[in-house]
There are 4 protein chains.
Amino acid sequence: MKLWGGRFEKETDQRLSAFGDSLPVDCRLWREDIRGSIAHAEMLGRAGIIGRDEADLIVVGLEALGKDFASGAVALEGAEDIHSLIEALLVERIGPAAKKLHTGRSRNDQAALDIRLYLIGACQGRKADLLALIAALLEIAEREVDTVMPGYTHLQRAQPILLGHHLLAYAEMFWRDWERFGDCERRAEISPLGAGALAGAGYSLDRVQVAEALGLRGITANSMDAVSDRDAVVEFTFAAALTQTHLSRLAEELVIWSSAEFGFLALDDAFSTGSSIMPQKRNPDGAELIRGKSGRVVGDLVALLMILKGLPLAYNKDLQEDKEAVFDADDTLAGCLQILPPMLLTAHWNRGRMRAAVEEGFLNATDLADYLVRKGMAFREAHEVAGGLVRLAESRGTGLSGLALEDYQNASPLVDPDVYALLTPEACLAARDVPGGTAPARVREALRECRHRLDVILECRDGRS
Amino acid sequence: MKLWGGRFEKETDQRLSAFGDSLPVDCRLWREDIRGSIAHAEMLGRAGIIGRDEADLIVVGLEALGKDFASGAVALEGAEDIHSLIEALLVERIGPAAKKLHTGRSRNDQAALDIRLYLIGACQGRKADLLALIAALLEIAEREVDTVMPGYTHLQRAQPILLGHHLLAYAEMFWRDWERFGDCERRAEISPLGAGALAGAGYSLDRVQVAEALGLRGITANSMDAVSDRDAVVEFTFAAALTQTHLSRLAEELVIWSSAEFGFLALDDAFSTGSSIMPQKRNPDGAELIRGKSGRVVGDLVALLMILKGLPLAYNKDLQEDKEAVFDADDTLAGCLQILPPMLLTAHWNRGRMRAAVEEGFLNATDLADYLVRKGMAFREAHEVAGGLVRLAESRGTGLSGLALEDYQNASPLVDPDVYALLTPEACLAARDVPGGTAPARVREALRECRHRLDVILECRDGRS
Amino acid sequence: MKLWGGRFEKETDQRLSAFGDSLPVDCRLWREDIRGSIAHAEMLGRAGIIGRDEADLIVVGLEALGKDFASGAVALEGAEDIHSLIEALLVERIGPAAKKLHTGRSRNDQAALDIRLYLIGACQGRKADLLALIAALLEIAEREVDTVMPGYTHLQRAQPILLGHHLLAYAEMFWRDWERFGDCERRAEISPLGAGALAGAGYSLDRVQVAEALGLRGITANSMDAVSDRDAVVEFTFAAALTQTHLSRLAEELVIWSSAEFGFLALDDAFSTGSSIMPQKRNPDGAELIRGKSGRVVGDLVALLMILKGLPLAYNKDLQEDKEAVFDADDTLAGCLQILPPMLLTAHWNRGRMRAAVEEGFLNATDLADYLVRKGMAFREAHEVAGGLVRLAESRGTGLSGLALEDYQNASPLVDPDVYALLTPEACLAARDVPGGTAPARVREALRECRHRLDVILECRDGRS
Amino acid sequence: MKLWGGRFEKETDQRLSAFGDSLPVDCRLWREDIRGSIAHAEMLGRAGIIGRDEADLIVVGLEALGKDFASGAVALEGAEDIHSLIEALLVERIGPAAKKLHTGRSRNDQAALDIRLYLIGACQGRKADLLALIAALLEIAEREVDTVMPGYTHLQRAQPILLGHHLLAYAEMFWRDWERFGDCERRAEISPLGAGALAGAGYSLDRVQVAEALGLRGITANSMDAVSDRDAVVEFTFAAALTQTHLSRLAEELVIWSSAEFGFLALDDAFSTGSSIMPQKRNPDGAELIRGKSGRVVGDLVALLMILKGLPLAYNKDLQEDKEAVFDADDTLAGCLQILPPMLLTAHWNRGRMRAAVEEGFLNATDLADYLVRKGMAFREAHEVAGGLVRLAESRGTGLSGLALEDYQNASPLVDPDVYALLTPEACLAARDVPGGTAPARVREALRECRHRLDVILECRDGRS
């Protein structure tokens, strides 16, 4: 079942085959390989490079083979790689015509096409997953539109925010990830077929026609680049790694919020796990795994960049190692993206704990400083005065609202009794009334915009397909 | 010179300051910080948040300070970070009005803006460098338009190609890099100013106006995301890492081609170095360094992704570590991109050695197989027959052209005397006549297109600025 | 000031020098370079390869130069690298004899020696830092020997532990790191001098004598390996990366414990920082930076491994890139290790908050299961029964101690009134009475052993030096 | 088959199980898990924590289960993880006694033990593979003991060396790798069993006895560290990554030497592969794959370090992600180490090409400089003079031996006719007569030492087992 051998005097050593054969990994590309071969064969027939009837025979044979793979009737084993396997099985089935399929094609450009077709599908898949995750965040944010919680910087309570505002911050990250997968998809939609082994095919192929038949946007401009380029693989894995890094941040918050000390969140029993020894435990395993898996996808990215380092043109066998890394990145990301929506949607958000946390700290100290600014003090001085008042309140075991007017006026004669009204969480929230701020009206607006964007995209996508 | 301290009872320990102060690194952002502060101050004045005259005073003060930094009259030292330094120096110079500059702004959104402004400039810089490198490759490719050399896969001679075709493969990579920097630039052009510390500013800022004044495309949609997002930093570093990986491939080829055994290339004396012990050595140091530096930039990318892993919202001090990594990636890439054009343009390409290498091997074996296909044989069989003839020729110490017609006809009766004409390098080249192939006409076409694309971009860019 | 050039017809292009000269980085190795050169010169003199008087002249000249570098009287600038600079300055000072210093030596083996000498010092430095950090952890653990706190898994309260036990877990990590730096130091103590450019020196050098003079354990066994090996650099950086990963875990805990919600720890004002906008903030910046810097050191490790990937023997210029990575790793780690002891020793541990947290949860549920086991139930059933009782108590808003005996006996008739005595934190702690467990007696024992180990090492080390 | 659940009101969601269950990966640890459980059960019996007869029943049951796993009679599926599966199957087989096996043990310490046992075996396996590779290199080096070839720096011909010397450079790297795996093995041989979930077991376990029964050196000193530490996993993967980096260098040389231009090496047909399109190709696929796989193992290392970053104590679910990375690193390295010996031993070394390459360049220029030094010239000047003579010879299209005595004496009157004798490859080789140098006598000595070291180790190892 080997596609070469004429000049060789010996059989390949079994150990080398076991080491180098890629079928156990690239068998996953059988759909893409068959799709590409069909488009190639049809073009060969149309261009008269092989007979029309031969082309038809090949196409029918490939389609039948695809059905057999899909049903499991034919096992994906017994050859060097998926390309050899498909060609060998085709020869078995349709005879000599099959031997003409590889005319004007090399495994180099064929493999480059297959991985591009795979990546296009992967981009579409992960984009759909991202939309579903954004939809879940949005649903919770809408449901909890009045839930106030502490916003943190340095994990120190900073200013009151709305839970919906916090969740929308993640939606923003995932929108950017969605865009990056879109860029990657667009750049992948270029056909390398016709690049041959490295120098271009020696037949009058209609490269553009093949690309169109495959739904691609265009053809590669340089044959040597076409067979040695793995940019789309690396870009996809980078987009996955950055998305996974975003997920690790969300996961970290889910873990922290699930702690007894924070108590903001309780994952549902169905999305929690226990301990083999401590009967009381309810662990946020899913979130922890998502966090940990960020390392894995970044590892895949490093693998790819290092594989490419220092490779001369054109194709080198090292490039075969691209697949496991990118498949692993894709599978890992898909798993994480898909587990999150049900995990989040079934979780219980403890509004009381969040509210209490807002009231306990000094999350209104900035508003006190801003108050002084509005009364005419320079911000730097206002910051200093407010800092001193925090220290005073802390020493008395109270909050800023617990200080007497006299205390305030000792610190600055600018303070009037109207200061107290500005120190409530509601006033603090309302004050953050800039575009993108946490003021309730702004958050509601952001929710509407996010919902609208989602609707438009889903409509487009589903209308299209 | 500290921007906080009101609530603190003790001075910061010197050791912590030495450990945590970022001025030695972020001093590099003084231009961006001043630009951002000017836009912020002007808006504060226009919006009536501070007095018009105060705003004017601040702007004039900042402009003067910028001149003093540029001339070296004022040292970039003596504060916690560049933001504190500039504010402190401004207070010294213009007095109390300066204390109003920080109204409605936090170092969190300010730092986020500064790095975005930096990245926009860095993207433009690296894009310009990439264009210059493409121009150099193009110049050589045009000059060597008739130079034939072996194309390699697996570092084994594969098929004849034109040197220009090989160089254009790199141009393709660099065009993609150029596009990626463009995507990154576009995504960076969003103003985070107004996000405040994390929840949005507590003043009626005109965020859009500030963005426009800074030449940005829009404003961030969520304040928490705005201050904790470092996507643009990571994307830039990824674009740099992938570019650097491409450079490492070119560098590897320069090293290999410079070896005595290949001898395709001799770097100019001015771009070679010697040995402290071996008097005969002429080393391609520059190329080796470029190759090695790929590790460094990938290291920077890993650093950034790992820094971000598992960080809860919003700002955390860990984010301060983004700067050294991205500055290092930018400087490293800039250095490599800028050394290559003169190194390449002054190099001597040894046409004779390349031509000889094309004639020595069996680079025409594919053409023999293709010949048999055209005579009606299936490609798989043609491959087998050609492989056997290679083995025969090799055993006789000759090339395919050195075999007698009888030898050919023993192998296959399909062969006619016209086979010899197809075995010359010129015929092999000419046969690769698909779009993107190495046929001379196709390469000339590709050169024209590359030149045109370059001209259009340069015209646009220089017309714009 | 160049060490080569005889065969070159042109001067090196300024751009290449700026790109490739390593002096700005390797100037840091002046001490090591002078030490190595002195040992080499003395041996050359003793072996009669150069005159004794010449050797003396060189040694005196190098010593004087070292003093001038140390005092800053001579600037570290103006040559290609530190080796060239020192030789050139020596020629200036002592004349022609200086030109004999490089006899039997190449920059390849010289640079390999310098970095080894540097690494030996760096290992010793970081080992000392680790001991100081262990000492600080130990001091706190001894001070807080009775402080009880919740032990966590999955950031969920798990079982009561002693704070000292928790801190000693980090001491264990740092002991392992200390050992790894020791292994690295030992493996670095081998002299490559005499390997020449790659094939061995062409003079009868006494390699062993030079190694001894430098305090090294032996000499490299293969000259080609000697000049192309960077294992010691990579190993050091790995040891640093793993240490830094340990530090990131401690730092994460410091951040979490400093949150208002946990409240277990308050860093001293002198080791906290504030916000430019929120007057109430006290941020654990130092801990966050330590956490973030783990990314940086892992980035350095990746850089090194990738630099080495695919380099043929022997020396290649890529290897020059090893220095910035390893220097950065060393400096970063040193900074983190050195800031931690004062930060930890001045922090305030809130015993009340920790105690309260132990009492609130169900941290004694394992002890209840263990109680049932001792009464004869199989562990798996005991776990099930205890889990049910946790659910019951939770539904009643109480702890396990708050359940009535009847509740227990409904769940299992094995329970007697003696169960209550086993549910206190003290009983839970005492029950973990295995070597390495958190039972107070075990922790005291572990503290004694750690203290003893530390004393012995410090005594040895300080006695030795 | 779940080991927990008493306190849960709902079943685990299928999606979470699919996402989080580790059995598909950790099933590979069934041998280690059974070994550890047997040692634990025996100790429980001896210590009277469970009945002697119960312990016996458990041990017999586990042994039988192990046989069934080994024979494939029982499938490794149907539970959350390997620990749960084995316990559940044991309950099925021996009834209630099986439920006592988990007494005094948690999956946390159990999993920590299993991976340590695995790593010990992996270290031994890779050490054996390294010895076999060293033996192969040694065999070739001995066979080719008189083969001379060019030594390179910067891929430029530098000085003549013996092929054996070159191969021994790799043996040195692999010896160091062997040592590092030994260090890792030693550090792994510590039993964490008894650490319980995190705080130590609540039973009077004899931890030391269990460790001894498992052939381990000792027990962990701190229970929290014991369950959250993955240092051994990271160290192993680092040792693998550095080994793989060494392999990538050897692989690069195999690829370069196999090129038509170098032609030093021809891999056997059985260890070469062909092209699906170019009939003449013989590709060194195996070497390329080894080179590429270095990226993969470094990716695994990055994954592990990033997974550990910022994890609070003690166990977190993220740690489950350690296994796929370390298994992949181990499998990848094993594959590469095992394919190399047959690939190298069957390869044909082209002595004629190597010899010719030595004679063509100016590899004797250093010897000319050294000659001048012996005649009294300072090395720096000698280097300059030799460089000038290289330039002269090059301009005449000859080598240094081709210059007339007059030419030499024009350059320096110190030159006598005896210079010519020193310019032959043999003289150059002989001159490198320092320990570790390439002089034939030194290389023979090094071969003997390497052979001796190998013999001693193999004898020890095989005598031991």
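A polar contact is a pair of N or O atoms within 3.5 Å; within protein, one atom must be able to donate a hydrogen and the other to accept it, and residues adjacent in sequence count only if both atoms are side-chain atoms. By this rule, 50 residue pairs, both at pLDDT 80 or more, are in polar contact across the interface of chain C and chain D. The model is predicted, with local features needing pLDDT of at least 70, side-chain atom pairs counting only at pLDDT 80 or more, and totals for chains, interfaces and linings using all residues. Residues are numbered from 1 along each chain as its sequence is written, chains are lettered from A in the order in which they are written, and side-chain values use heavy atoms, with hydrogens and water left out.

Helices (H or I, at least four residues) and strands (E, at least two) are DSSP runs, numbered from the N terminus.

R249(C), L313(C) and R380(C) supply 9% of what chain C buries against chain D, more than any other three residues. The rule also finds 22 salt bridges across this interface, a salt bridge being a side-chain nitrogen of Lys or Arg within 4 Å of a carboxyl oxygen of Asp or Glu. One of them joins R380(D) to E87(C), at 2.5 Å from N to O.

Chain A also meets chain C, with 47 residues from chain A and 47 residues from chain C in contact, that is, with heavy atoms within 4.5 Å. These two chains bury about 3,700 Å² between them, 57% of it on carbon and sulfur atoms. E261(A), P279(A) and K309(A) supply 19% of the area that chain A buries here, more than any other three residues. Two salt bridges cross the interface of chain A and chain C. R157(C) pairs with E261(A) in a salt bridge, with the closest N and O atoms 2.7 Å apart.

Within chain A, E80(A) and R107(A) form a salt bridge, with 3.5 Å between the closest N and O atoms. E80(A) lies in the loop between α4 (52–71) and α5 (82–94) and R107(A) in helix α6 (residues 107–143), so the pair ties together parts of chain A that are 27 residues apart in sequence.

Some backbone details remain. Most residues other than glycine have a negative phi, and most peptide bonds are trans. H154(A), in the loop between β1 and β2 of chain A, has a positive phi near 55°. The peptide bond from L313(B) to A314(B) is cis, with omega near -5°. In chain C, a cis peptide bond joins L313(C) and A314(C), with omega about -10°; A314(C) is in the loop between α11 and α12 (322–345) of that chain.

Notes. Buried area is the accessible area (1.4 Å probe) that two parts lose on being put together, summed over both.
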